[in-house]
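Please look over the sequence and the structure shown here before reading the briefing. The notes are grouped by topic, so that each point can be looked up in turn.

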Amino acid sequence: MPEPVKCKGSIITSELQSSRAMVFAIEEINNSTELLPGIRLGYQIYDSCASVPVAVHVAFQFLNSFDPVFYTGNSCSQYGMVMAVVGDSGSTTSISISRVISSFNIPQVSHFSTCACLSDKQQYPSFLRTIPSDQFQAEALAKLVKHFGWTWIGAVRSDSDYGNNGMASFLEAAQKEGICVEYSVSFYRTHPQSKIQKVADVIRRSTAVVVVAFAALGDMRILLEELSREPSPPRQWIGAESWITYSELTRFSFCAGAIGFGIQKSVIPGLKEFLLNLSPSEVAASEILSEFWEDAFNCTLKTIPAADKKVCDGTEDIQNLQSQYTDTSQLRITNMVYKAVYAIAHAIHNAVCPGKNTTAKCDKLTKLEPKQILTQLKKVNFSQNGYDVSFDANGDPVAIYELVNWQKSQTGIIDMITVGLYDASLPVGQEFRIDRNITWMEGSMQVPVSVCTDSCPPGTRKVLQKGKPICCYDCIPCPEGEISNTTDSTDCFPCHKEFWPDAKRDTCIPKPIEFLSFQDILGIILATFSVVGACLAIITSAVFFHHRTTPVVRANNSELSFLLLISLTLCFLCSLTFIGAPSEWSCMLRHTAFGITFVLCISCVLGKTIVVLMAFKATLPGTNVMKWFGPPQQRMTVVSFTFIQVLICTIWLLLSPPFPIKNLTTYKEKIILECALGSPIGFWAVLGYIGLLASFCFVLAVLARKLPDNFNEAKLITFSMLIFCAVWITFIPAYVSSPGKFTVVVEIFAILASSFGLIMCIFVPKCFIILFKPERNTKKYLMNKNQS
C-alpha cells in the first residue's frame with residue numbers, strides 16, 4: 001500500500017473560514033422551522049490539501065464510508081449516505097472529484113471552482129457552482145482592458161486547469177476586442193525556483209505596462225514574492241477573483257493600484273460571532289482547529305512544550321486576533337459556501353417536503369437518492385439574505401462581479417475599494433459600470449498607457465509591422481488626394497472629385513476654383529493692354545478722320561483704313577471676353593468674336609495689299625485693272641472673306657458650340673474653370689481660315705514690297721504680316737501645352753500681340769508723318785519715286 005498522502009504547508013485561514021461557514025449554515029438550517037422542519041443535516045469535512053491525489057482519495061473515502069456522518073447533535077437515521085458535496089476550492093481538484101462521483105449522480109456544488117470547462121455537462125453532469133464561470137470573468141476582464149484603451153498587455157497564469165482554461169478564455173475574448181498580448185507565461189507553486197524567476201524576468205523586461213494575472217492565490221503569492229526581490233518597472237496589475245480580493249497580498253506595495261473583478265461583498269448575520277465562539281474543548285477536539293490555534297497564537301496545545309513554542313495557557317483571546325479567519329469585512333467566497341449549503345438544503349426540502357406546509361415537519365424517513373437531489377438542485381430558485389440563488393442549464397449562477405481597486409490610504413495601508421460593478425445579465429454594452437475614482441499604479445489618478453504603438457492620428461493610416469501582432473504598426477500619411485478622419489484608421493479614402501484634402505489630410509475641403517479673373521495680376525495687365533490698344537486704335541481713327549483729305553490718308557484707300565482701325569478696335573476689345581468666369585454666352589462669344597474680327601482685320605489688310613499691287617499695275621501702259629478692283633470690289637472682297645468666317649462660326653455654334661466646364665484633370669488640387677471647344681474641328685477651322693488669309697496676304701505683301709514709291713504701304717504690311725504669322729505660329733504649341741488659366745493667357749497674348757503688330761506697323765508710320773512730318777504729307781513727295 002502506498003504511504004498515506006499528507007498535506008504540506010501551513011493551513012490557509014480563508015479556507016478554514018469557508019469550512020466554518022458551512023458548519024454555521026448547516027446549524028442555521030437545522031434550527032430553522034421553515035427549511036427542512038424536523039430534519040437535521042449531518043456533514044463531514046475533508047481537507048483536499050489542494051492536491052489531486054488527496055482529492056481523489058477523499059472522493060473514494062466518502063463514497064465507500066460506512067461510518068456515521070458527523071454532525072452537531074444526535075445520530076442520523078442513515079449511515080454513510082452522502083447526498084451532496086460542497087467543494088472543492090480549486091478547479092483541478094473539483095474536476096478530479098467530479099469524475100469520481102458523477103457516476104453515482106452525487107451532486108457537487110462548488111463555491112470557488114471557476115474553470116469554464118466545468119460548464120460542460122457531457123463531462124461533468126452532476127457539477128454545479130455558486131460562483132460564476134471563468135468564461136464570464138474572462139469576457140469581463142477583456143472588456144475592462146478594452147474600456148481603458150490598453151491594447152498591449154502581458155499575461156501570466158497558473159499552470160493548472162483554472163489558469164490554463166481561464167487564460168484561454170480571456171485570450172479569445174481579448175482577440176475579439178482587438179487586444180494584443182506581448183507574452184503569456186505559466187507557472188505553478190511547485191515549479192522550481194528558476195522557473196518562477198524566469199517568469200518574473202519576463203514581466204520585468206516586457207514593454208507592456210498592464211499585466212493580467214489569472215493565477216490561484218498560492219501561485220500569485222509566490223510570484224509576487226519573487227518580483228519583490230528585485231526592483232522592477234511599475235506595472236498595472238489586472239487580477240482575477242482568485243487573488244484580487246485577498247488582503248494578505250496587499251503587503252506587496254508595488255501592487256498598489258491593482259484592479260480586477262471579485263465576487264460581491266456580502267453580509268452573513270451571526271457569522272462573525274460564530275467564528276469567534278470557539279471553546280477550548282472544541283479546538284482540542286479538531287486537528288485542523290488545533291493547528292490553526294497554535295499557528296495563530298504561536299503556542300502548543302500539547303502538554304509538552306515545543307522548542308520554539310510555549311504551552312497555550314488559556315489566556316489566548318481570539319476576539320482580538322487579526323486574521324483572515326476572523327475578518328468578515330470581505331465576505332465574498334465565504335458567502336458562496338453559505339449559498340451552496342442553502343441550495344442543497346432547498347433541494348432536499350423540495351424532495352422530501354413536496355407541496356407540504358413549510359411549518360409542518362417533513363418525513364425524514366423518506367428514502368432519498370442523490371439523483372433526486374441533483375434533479376431538484378437544478379430547479380432551485382430562492383433568495384437568502386438578499387442574495388439570489390439559481391442555476392442555468394450549465395449549472396452556473398448569474399455572473400455579477402464587483403470591480404475592486406487596491407487604493408493606498410494616507411497611512412500607507414492598501415485598502416480594497418469597490419469602484420464598480422459588472423452584471424453579465426444586462427444587455428450588451430450596459431454590463432459595465434464604474435461609479436468611483438480609480439487609483440492606478442504609483443498612486444496616479446491618470447489611466448496608464450499600455451500600447452505597442454501610439455494611436456495613428458487622423459490623416460494617417462495603420463500599416464502592420466512585419467512579423468508583429470496587429471497592435472504594432474506604423475502610421476503612414478495618407479497618399480495625395482486621400483484622407484482619414486478617424487483615429488487608428490486602417491485605410492484612407494479619396495475625396496470627392498471636387499474636393500481636396502487639407503494640410504493635415506483629415507478633412508476634405510472644396511477645391512479652389514481658378515480662372516483668369518479681373519482681380520488677378522495677369523488679368524489686370526492683359527485687360528489694361530486691351531483697353532490701351534482699343535484706345536490707341538480709336539485715337540488713330542480720330543487722327544485719320546481729322547486729316548482725311550491729306551495724301552497719306554487718302555493713299556491706298558482710306559475707307560479700308562478706317563474699316564481696319566474699327567476691326568482692330570474690336571480685336572483689342574474681344575480679348576476682354578476671355579477674362580472672367582466662363583459662362584455659356586462668354587464661351588460662345590469669345591471664340592466667334594475673335595475669329596470674325598480677325599478675319600475682318602486680315603480682309604482689310606489683304607484688300608489694301610491688293611490695292612497696292614493693282615495701283616502699280618495700273619501705271620503700266622495699256623492696263624486698265626483698277627476698274628476691276630475699285631472701291632465696290634474692295635468692299636465685296638472684305639465682306640466675302642468675312643462672310644466665310646461667319647458661316648464657319650455659325651455652323652460651329654449650331655452643331656457643337658463651346659461650353660463652360662470644370663477641368664478636374666490638369667491640376668489635382670484645384671478646379672480650372674474653362675471653355676471646352678465643343679468641336680475642336682470648328683475651333684481649328686476658324687484658326688486655319690485666319691492663317692490662310694494671313695499667309696496669302698503675307699505673300700502678296702512680299703511681292704509688292706520693292707515696288708517704287710516713297711510711301712509703299714506694302715513694306716509696312718509685310719512687316720505686320722510677318723509679326724502676325726510669327727505670333728500665331730508660336731501660339732499653337734504654346735496653346736496646346738499651357739495648363740489651366742494660362743491657356744487663356746496665351747490666347748489673349750496672341751490676340752493683343754498680333755493686333756499691336758498690325759497697328760504699329762501700318763498706322764504708326766503714317767501718324768508720325770501726319771503729326772510730326774507734315775512736309776512729307778504732300779502728293780509731290782509721295783509721287784517722287786527717286787527720293788529715298
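Predicted model: local features only at pLDDT ≥ 70, side-chain atom pairs only at ≥ 80, totals over all residues.

Residues are numbered from 1 along each chain as its sequence is written, and side-chain values use heavy atoms, with hydrogens and water left out.

- Helices (H or I, at least four residues) and strands (E, at least two) are DSSP runs, numbered from the N terminus.
- Strand 8 covers residues 259–263, and because five of its five residues are buried, it is largely enclosed by the rest of the structure; buried means under 20% relative accessible area, exposed means over 50%, and partly exposed lies in between, with a 1.4 Å probe and protein chains only.
- Strand 8 pairs in the parallel sense with strand 7 (residues 236–239) over two bridges, where pairing requires that DSSP finds at least two bridges between two strands.
- Within this pairing, Ile 259 in strand 8 has Ile 238 standing opposite.
- Strand 8 is also joined to strand 13 (residues 400–408) by five bridges, and these two strands run antiparallel, with Phe 261 standing opposite Leu 403 in strand 13.

**Helix 10**

- In helix 10, which spans residues 287–297, the buried residues are Leu 289, Ser 290, Phe 292, Trp 293, Glu 294 and Phe 297.
- These buried residues pack against helix 1 (13–30), helix 9 (280–285) and strand 9 (299–300), where contact means heavy atoms within 4.5 Å.
- Asn 298 follows helix 10, and its phi is positive, near 55°.

**Salt bridges**

- Side chains of opposite charge can pair when their charged atoms come close.
- The structure holds 14 salt bridges, each being a side-chain nitrogen of Lys or Arg within 4 Å of a carboxyl oxygen of Asp or Glu.
- One of them joins Arg 20 to Glu 282, with the closest N and O atoms 3.2 Å apart; since Arg 20 lies in helix 1 and Glu 282 in helix 9, the pair ties together parts that are 262 residues apart in sequence.
- Of these two residues, Arg 20 is buried, with a relative accessible area of 6%, whereas Glu 282 is partly exposed, with a relative accessible area of 31%.
- Another salt bridge is formed by Arg 204 and Asp 201, whose closest N and O atoms are 2.9 Å apart; the two residues are three apart in helix 6 (residues 193–205), which means that about one helical turn separates them.
- Arg 204 is buried at a relative accessible area of 11%, while Asp 201 is partly exposed at 22%.
- Lys 309 and Asp 295 also meet through their side chains in a salt bridge (3.8 Å, N to O), and this pair links distant parts of the chain, 14 residues apart, with Lys 309 in the loop between strand 9 and strand 10 (310–311) and Asp 295 in helix 10.
- Lys 309 is partly exposed, with a relative accessible area of 21%, and Asp 295 also counts as partly exposed, at 40% relative accessibility.

**A nonpolar surface patch**

- Phe 643, Val 646, Leu 647, Ile 651, Leu 654 and Leu 655 make a nonpolar surface patch of about 630 Å².
- Leu 655 lies in helix 17 (residues 631–655) and is exposed, with a relative accessible area of 70%.
- Patches are made of residues with over 30% relative accessible area and no salt bridge, with like charges joined within 9 Å and nonpolar side chains (Val, Leu, Ile, Met, Phe, Trp, Tyr) within 5 Å.

Methods: Areas by Shrake-Rupley, 256 points an atom, 1.4 Å probe, with all protein chains shown as cover.
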